[in-house]
Structures are given as structure tokens and as C-alpha cells.
Amino acid sequence: MLRTILAVTGRPGLFKIISQGKGTLIVEELGTGKRLPIHARDKVSSLGDIAMYTESGDTPLGEILDKVYAKHNGEKIDVKELVKTDGLKAAFEEVVEDYDRDRVYNNDIKKLFTWYNILVDNGFTKFAEEEKEEAAEEA
């Protein structure tokens, strides 16, 4: 499921792929349901293709999101409070103890927690397992 969820550079929020045309994706913004075109010139990343640096190698975003979900029992995270109190790294370390402190920045953690909140608001409860099922379906 994370493969169909996109992050678009320069646009806040996350988007779900609805359709695709010649050089264009039609996406729907999660939360508002607003549909818009994303052109070939826009930088787009599928959440299924994103990983975060850890000491043991790169960890897929789906696995990290599952850990965050388990740690917070599916509740939203108050990202603004963590930013105010400089608690982003401490909160992330509770979830991923072996993250690479040199290559994972506060902005990366803030973006992860913000994406987590958006996904939880839109009914997502499992992340990594769905990725494995989709990979099996594609094969």
C-alpha cells in the first residue's frame, strides 16, 4: 500500500495515486481528497521506496512506521511539541535505537512523524506487512 502513497517535493502532505496519463499522475491528497495532476517535471517519491539510515544498514520506511505505530498504540504524535522541546531525536531513539545519528537529521524525523500522523488519520494501521504482500503479488 505504501507504494501507491507519494511524497511530492514542494507540496505538503501525502498523495495517493488515482490514475496516470502521458507524463502525468493524477493523485488525491490524503485528508482533503482534493485531486490534482503531478507532472513529469515534479520530483516524486513513493513511500515504499524510502528507507532510513541505521547502524545495521538501511531500514525500509514501512518497518519504521510499524514500530512507531506500536510504540504510540496508533495514537497521533504531537510533532509541534517535540520540535519546541527539542525532543525529536529522543522520541525517534525510543522507536529506532540504532538509527545513524550522523545521517538522520531533525527534519527527517519531523517528516517521518508528520507522515505517520497523516497515514494514521487516513486509517492506515499496517505498513511493512502490506509491502511484503504487494511484493509477492508482483512476483
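The following dialogue examines a predicted model of one protein.

Student: Which pattern does the protein follow, read along the sequence?
Tutor: The model is predicted, so local features need pLDDT of at least 70 and side-chain atom pairs count only at pLDDT 80 or more, while totals for chains, interfaces and linings use all residues. Residues are numbered from 1 along each chain as its sequence is written, and side-chain values use heavy atoms, with hydrogens and water left out. Helices (DSSP runs of H or I, at least four residues) and strands (runs of E, at least two) are numbered from the N terminus. The protein has 5 helices and 7 strands, and the pattern reads β-β-β-β-β-β-β-α-α-α-α-α.

Student: What is the radius of gyration of the protein?
Tutor: This radius is taken over C-alpha atoms, and the globule rule is 2.2 Å times the number of residues to the power 0.38. For 139 residues the rule gives 14 Å, and the protein's value is close to this, so the protein is as compact as a globular protein of that length. The radius of gyration is 15 Å.

Student: Which residues of helix 1 are buried, and what arc do they cover?
Tutor: A buried residue has under 20% relative accessible area, an exposed one over 50%, and a partly exposed one lies in between (1.4 Å probe, protein chains only). In helix 1 (residues 61-71), the buried residues are Leu61, Gly62, Ile64, Leu65 and Val68. They lie on the same side of helix 1 because the arc they cover around the axis, taken from the directions to the C-beta atoms, is only 160°.

Student: Where in the chain are the two partners of the pair formed by tyrosine 69 and phenylalanine 127?
Tutor: Rings of Phe, Tyr and Trp (its six-membered ring) pair if their centres lie within 6.5 Å; planes under 30 degrees apart count as stacked, over 60 as edge-to-face and the rest as tilted. By this rule there are 3 aromatic pairs, and tyrosine 69 with phenylalanine 127 is edge-to-face, at 6.3 Å centre to centre and 70° between the planes. The partners are 58 residues apart: tyrosine 69 is in helix 1, and phenylalanine 127 is in the loop between helix 4 (106-121) and helix 5 (128-138).

Student: Which residues do ring pairs link into a cluster with Phe92?
Tutor: Phenylalanine 92 and tyrosine 99 are both buried, and their edge-to-face pair has 5.0 Å between centres and 65° between planes. Arginine 101 lies over the face of tyrosine 99, 4.5 Å from the ring centre; a charge sits over a ring if NZ of Lys or CZ of Arg is within 6 Å of the ring centre and within 35 degrees of the ring normal. The residues clustered with Phe92 are Tyr99 and Phe113.
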